[in-house]
Amino acid sequence: MRSLALSPDSFRTLAHELSDFAADYLERLPLLRSYPPEISGRATEQLFGGDIPWDGVGAAAFDSLPAVFEHSRPASPRFFGYVFGSGEPVAALGDFAASVLHQNAAAWRSAPAGITIERTVIRWLASAVGCNGFSGSLTLGGSSANLMGLCMAREAKAPANQTGVRGGVIYCSAETHMSIPKAAALLGLGHDAVRLIPVDEEFRIRTEDLRYTIRQDMLSGRVPIAVVANAGTTTTGSIDPIDSIADICQEFGLWLHVDGAYGALASLAIPDAFRGLSRADSLSLDPHKWLYQPTGCGCLLYRDSSSAQRAFSHTGEYARALSDDPIEGFAFFEESMELSRPFRALKLWLSLRYYGLRAFQESIREDLRLAQVLADSIDAERRLQRLAPVALSAVCFRYIGGTNSDAMNRSILSQVVRRGRVYISNAVIHDQFALRACIVNHRSTEDDVRSVVSEVLAAADELQQSGRA
């Protein structure tokens, strides 16, 4: 028997023990601290670092799993930091099954069931957000989806694959996600090619400023390529006027990419807020946010698969399809920057079939409602000030008091995390340090959300009593 062979009985024992461990963890999850206590970089290095082991320890390798879980930030119902989904367990089982099956979801011939399931899931997602007929693929996350969407835009409006980059301009709001300037750099356009357009009082792009800037660039001999519209900004959840932006793109012949990694799936619950979404040329969304999937499940949708092929198709003979059949000859690597690809779709396919789309729609609606509950609680507290409208589920606010309000709110955030009852993050709103809670969590209840206010006030009181305010 070879050195890496594992008997079925050994695997069965390990898998049963792991599933029991995972089930016990999920049972305790609502009671766990929202962040591990007294954690430090030195401690994690001592626990999980060290030299590569030349000789294995067998099943004892799993003995460290409790320590890994104890030193990790749990997917608690009181985790409201970042825009980060809560990882529902059926999908986690799908991840496990996909790893056991071990497919390369590159082409139908290498993963017949896997490719069919991914194309089915893509069709479901496109339909769910009102983009029937769009093609696409699952990606690592929103950043890679945005990069691919803008690569398609560049190749459609200023082709560079054959002769190299000759410049071009991308337009987005000042609230755009950091992945957009990063994509411009990776595409060879550079950060200076990204025009950050001012936003209005609701943090949405000013369309007249957008139109003016495009005209000025054209008069200066620059080549406008694409506009990136936000379907939910990371900081405040604001939704750009997508329909109006689509009109501008049509007027100037530009590509419209919608960054919907945070918010596009909320169109299941509030479709009117996303009018014009189906007019996009490409659209990113993240099932690992508002479909609560385990991390590593983003998505790029696009109107025309030939645009994806123009951007990404470059096939060596060793990978060329041997069939002209539209199903059996299909290859994701002809429409993606990836060649070897994990079977990402299985977890989402299982999850959607297990619960049904309506259950996710209802959960998104509840997240939106809980965000309004939190906003109302903040508005009712004289020591707190809300700093932005709540378009989706991100709530930005600050504690009022102290001689240095920014420093006070930074200290409050650290104290809240240290207390371990809720986890929130931070933002900057109008040059002010803000506390931020984002509700993208299928486990959260109204009591969990209301605890944000009580924890912030308790942290402020502790700081003042200790003289650290």
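Is Glu-27 buried or exposed, and what is its relative accessibility? With a relative accessibility of 63%, Glu-27 counts as exposed; here buried means under 20% relative accessible area, exposed over 50%, and partly exposed in between (1.4 Å probe, protein chains only). The legends below describe a predicted model, in which local features need pLDDT of at least 70 and side-chain atom pairs count only at pLDDT 80 or more, while totals for chains, interfaces and linings use all residues. Residues are numbered from 1 along each chain as its sequence is written, and side-chain values use heavy atoms, with hydrogens and water left out.

**View 1**
Glu-17, Asp-20, Asp-24 and Glu-27 form a negative surface patch. Look for Glu-27 in helix H1; helices (H or I, at least four residues) and strands (E, at least two) are DSSP runs, numbered from the N terminus. Patches are made of residues with over 30% relative accessible area and no salt bridge, with like charges joined within 9 Å and nonpolar side chains (Val, Leu, Ile, Met, Phe, Trp, Tyr) within 5 Å. Asp and Glu count as negative and Lys and Arg as positive, with His and the chain ends not counted. The place of each charge is taken as NZ of Lys, CZ of Arg, CG of Asp or CD of Glu.

Leu-6, Phe-11, Leu-18, Phe-62, Phe-96 and Val-100 make a nonpolar surface patch of about 530 Å². Accessible areas come from the Shrake-Rupley method with a 1.4 Å probe, and for residues only the protein chains shown count as cover. At least two residues of this patch come from each of helix H1 (8-28) and helix H4 (89-101). Leu-6 sits in the segment before H1, and Leu-6 counts as exposed because its relative accessibility is 51%.

**View 1. Ser-284 and its surroundings.**
Strand S6 (residues 282-285) holds Ser-284. This serine counts as buried, as its relative accessibility is 0%. Setting aside residues up to four places away in sequence, Ser-284 touches Gly-142, Ala-145, Asn-146, His-257, Val-258, Asp-259, Gly-260, Ala-261, Ala-264, Cys-299 and Leu-300. Contact means heavy atoms within 4.5 Å.

**View 2. Ala-345 in helix H12.**
Ala-345 belongs to helix H12 (residues 345-355) and, at 0% relative accessibility, counts as buried. Apart from neighbours within four places in sequence, the contacts of Ala-345 are Ile-117, Glu-118, Val-121 and Leu-138. For a sense of distance, 36 Å separates the C-alpha atoms of Ala-345 and Ile-197, which are 148 residues apart along the chain.

**View 3. Two residues with positive phi.**
Most residues other than glycine have a negative phi. Glu-38, not a glycine, has a positive phi of about 50°. You will find Glu-38 in the loop between H1 and helix H2 (41-48), where Glu-38 is exposed with a relative accessible area of 78%. His-430 has a positive phi near 50° and lies in the loop between strand S10 (425-429) and strand S11 (432-438). At 59% relative accessibility, His-430 counts as exposed.

Arg-279 pairs with Asp-247, their closest N and O atoms being 2.9 Å apart. Arg-279 lies in the loop between strand S5 (255-260) and S6 and Asp-247 in helix H9 (residues 242-252), so this pair ties together parts that are 32 residues apart in sequence. Both partners are partly exposed, Arg-279 with a relative accessible area of 30% and Asp-247 with 40%.

In another salt bridge, the closest N and O atoms of Asp-379 and Arg-386 are 2.8 Å apart. The side chains of Arg-419 and Glu-462 also meet in a salt bridge (2.2 Å, N to O). That pair links distant parts of the chain, with Arg-419 in helix H14 (residues 405-419) and Glu-462 in helix H15 (residues 446-465), 43 residues apart. Arg-419 is buried, with a relative accessible area of 16%, whereas Glu-462 is partly exposed at 26%. Finally, a network of salt bridges links Glu-118, Glu-338, Arg-341 and Arg-344.

Terms used:
Salt bridge = Lys/Arg side-chain N within 4 Å of Asp/Glu carboxyl O.
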